[in-house]
Amino acid sequence: MEQHYSGGCQCGAVAFEVDVDLDGCVTCNCSRCQPMGVVLAFAPRDKFKLLKGDDNLTEYRFNRKIIAHQFCKTCGVQGFSYGAMPDGSAIAAINVNTLEGVDPRALTPNQFDGRST
Ligand SMILES: [Zn+2]
């Protein structure tokens, strides 16, 4: 079920809110997600709102460079990325570990084989 969450980085420079359904969350074994240990959930871009910290974000892209990973310049925590679904619709990929009031270890994420894509 889609719910409203607040999230942000460690130092507080970056804050956002999002309406997202955590039932569809995934872990991914790609060269970035695995070492970072992220749990991802996907929201339509218009369900994601950056509250502060736009000027304190660094963007990182790799591989096919279609996902814009956003992390805090100060503390390094990545709360979200910008990307698109195969149909081209804009999404935000949320790092569930950065959401307030969520215990990611209580979730049962699906495994996504990002390493093979
Ligand atoms: Zn920070």
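## Phe 80 and the aromatic pairs

Phe 80 is buried, at 1% relative accessibility; buried here means under 20% relative accessible area, exposed means over 50%, and partly exposed lies in between (1.4 Å probe, protein chains only). The structure is a predicted model, in which local features need pLDDT of at least 70, side-chain atom pairs count only at pLDDT 80 or more, and totals for chains, interfaces and linings use all residues. Residues are numbered from 1 along each chain as its sequence is written, and side-chain values use heavy atoms, with hydrogens and water left out.

The count of aromatic pairs is six. Rings of Phe, Tyr and Trp (its six-membered ring) pair if their centres lie within 6.5 Å; planes under 30 degrees apart are stacked, those over 60 are edge-to-face and the rest are tilted. Phe 16 and Phe 48 make a tilted pair, with 5.3 Å centre to centre and 35° between the planes. Because Phe 16 belongs to strand E2 (residues 15–21) and Phe 48 to strand E5 (residues 48–52), this pair ties together parts that are 32 residues apart in sequence. Strands (E, at least two residues) are DSSP runs, numbered from the N terminus. Phe 16 is buried at 1% relative accessibility, and Phe 48 is buried with a relative accessible area of 5%.

Phe 48 also forms a tilted pair with Phe 80, at 4.6 Å centre to centre and 45° between the planes. Since Phe 48 lies in strand E5 and Phe 80 in strand E8, that pair likewise joins parts 32 residues apart in sequence. Ring pairs link Phe 16, Phe 48, Phe 80 and Tyr 82 into a cluster.

## The cavity

One cavity of 30 Å³ or more is found in a search of the whole structure. A cavity is a set of points, on a 1 Å grid over the protein atoms alone, where a 1.4 Å probe fits but cannot get out; lining residues have an atom within 4 Å of a point. The largest cavity holds about 40 Å³ of space, a volume being the space filled by probe spheres set on the points, which are joined across faces, edges and corners.

Among the lining residues are Phe 16, Phe 71 and Phe 80. Strand E7 (68–72) and strand E8 (78–84) each supply at least two residues of this lining. The lining comprises eight nonpolar, four polar and no charged residues. Ala, Val, Leu, Ile, Met, Phe, Trp, Tyr, Cys and Pro count as nonpolar, Asp, Glu, Lys and Arg as charged, and the others, Gly among them, as polar.

## Cysteines

The count of disulfides (pairs of cysteine sulfur atoms within 2.5 Å) is zero. The sulfur of Cys 25 is 13 Å from the closest cysteine sulfur, in Cys 33, which is too far for a bond. Cys 25 is buried, with a relative accessible area of 1%, whereas Cys 11 is partly exposed at 40% relative accessibility.

Conventions:
1 Å grid on protein atoms, 1.4 Å probe; cavity = no way out; pocket = protein on both sides within 12 Å on 5 of 7 lines; lining within 4 Å. Helix = DSSP H or I, 4+ residues; strand = E, 2+ residues; numbered from the N terminus.
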